[in-house]
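Have the sequence and the 3D view ready as you read.

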Amino acid sequence: MHIYANPTRFLSLAKWLTPLLFWSGLVLSAGAVAWGLFAVPPDRLMGDTVRILFIHVPAAWLGMGGWAGIAISSAMLLIWKHPLAALSARAIAVPGMVFCAICLATGSIWGRPTWGTWWEWDGRLTSMLVLLFLYAGYIALTEATDREGSSNKIGAIFGLVGAVNVPIINRSVVWWNSLHQPPSITAGKSAIEATFLVPLLIAVIGFSLLFGAIVLMRMRALIAQSQIAARLRRRALADDAAVAPVPAMEQA
């Protein structure tokens with residue numbers, strides 16, 4: 001990854017990769033959602049409420065995957081001091097928080113007719129809500145440190161510590177018995193019928209590509225902002241030097 005430490009080299013890669021990820025992700029996710037909404041038959045137990053699966057599952061995956069990306073970027077910053085690692089983590093945070101919120105919202109919509117309640121304080125839902133708060137805290141912290149000119153390491157440490165919650169979310173339905181169903185997809189097997197599984201996997205891939213495109217867009221915007229800020233600082237220093245008063249001895 002150090003070959004892309006140079007912003008110019010990274011921007012040359014992101015210039016053609018961003019539209020590729022965006023349009024391919026848009027086509028796949030839109031097609032998968034349409035497939036799930038209109039072509040997939042109702043489930044024998046859940047009926048038509050199963051259709052929310054094609055948005056809820058990708059959102060949950062990207063909510064957790066987004067924080068995993070923040071943790072990896074934070075480690076790259078603290079260990080290898082990668083110049084773009086901090087920007088990468090900041091770029092991931094906002095879309096990660098949005099998908100986390102979508103996961104919670106769609107889960108509540110699905111839970112009302114299925115469980116008879118909008119919310120249940122079980123391990124999975126509670127740990128996912130904690131993740132949403134972690135995203136909000138991380139965004140506020142990184143914006144504050146950037147505004148005050150503090151070290152990026154503060155946000156990186158927060159990103160690594162918050163990563164402890166990701167495996168808790170993943171294993172919560174195994175560790176604690178609750179209304180939430182156990183994992184439907186595990187290593188090497190799936191409890192989901194192929195009729196639902198195929199469009200679901202396509203939706204996960206499509207939304208993941210869209211997520212990657214959004215992250216690259218945000219990284220390009222953050223790099224542009226930092227370059228503009230650097231130019232303004234240099235211009236301000238040059239203007240201050242130009243209007244500085246001449247010492248009395250030099251005037252003599």
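Let's begin with a cysteine: Cys 103 is buried, as its relative accessible area is 6% (buried means under 20% relative accessible area, exposed over 50%, partly exposed in between, with a 1.4 Å probe and protein chains only). This is a predicted model, in which local features need pLDDT of at least 70 and side-chain atom pairs count only at pLDDT 80 or more, while totals for chains, interfaces and linings use all residues. Residues are numbered from 1 along each chain as its sequence is written, and side-chain values use heavy atoms, leaving out hydrogens and water.

**Cysteines**
- The search of the whole structure turns up zero disulfides (a disulfide is a pair of cysteine sulfur atoms within 2.5 Å).
- For Cys 103, the nearest cysteine sulfur is that of Cys 100, 6.3 Å away.
- Cys 100 counts as buried, with 0% relative accessibility.

**Salt bridges**
- The whole structure holds two salt bridges (each is a side-chain nitrogen of Lys or Arg within 4 Å of a carboxyl oxygen of Asp or Glu).
- One joins the side chains of Asp 48 and Arg 51, at 3.1 Å from N to O, and Arg 51 counts as buried at 15% relative accessibility.
- Another joins Asp 146 and Arg 90, at 3.6 Å from N to O.
- This pair links distant parts of the chain, 56 residues apart: Asp 146 lies in helix α4 (residues 123-148) and Arg 90 in helix α3 (helices, H or I with at least four residues, are DSSP runs numbered from the N terminus).
- Asp 146 is partly exposed, at 47% relative accessibility.

**A nonpolar surface patch**
- Ile 55, Val 94, Val 98 and Ile 102 make a nonpolar surface patch of about 260 Å² (patch residues have over 30% relative accessible area and no salt bridge, and nonpolar side chains, meaning Val, Leu, Ile, Met, Phe, Trp and Tyr, are joined within 5 Å; areas come from the Shrake-Rupley method with a 1.4 Å probe).
- Helix α3 (residues 85-115) gives the most to this patch, with three residues.
- Val 98 sits in helix α3 and is partly exposed, with a relative accessible area of 43%.

**Nonpolar cores**
- The largest nonpolar core has 40 residues, of which Phe 10, Trp 67, Ile 70, Met 128 and Leu 131 touch the most other members (a core is a set of buried Ala, Val, Leu, Ile, Met, Phe, Trp, Tyr and Cys residues joined through side-chain atoms within 4.5 Å).
- Helices that each supply at least two residues of this core include α1 (7-39), α2 (53-80) and α7 (194-242).
- A second, separate core has seven residues, among them Val 40 and Phe 196.

Technical notes: Patch = residues over 30% accessible without salt bridge, like charges linked within 9 Å, V, L, I, M, F, W, Y side chains within 5 Å.
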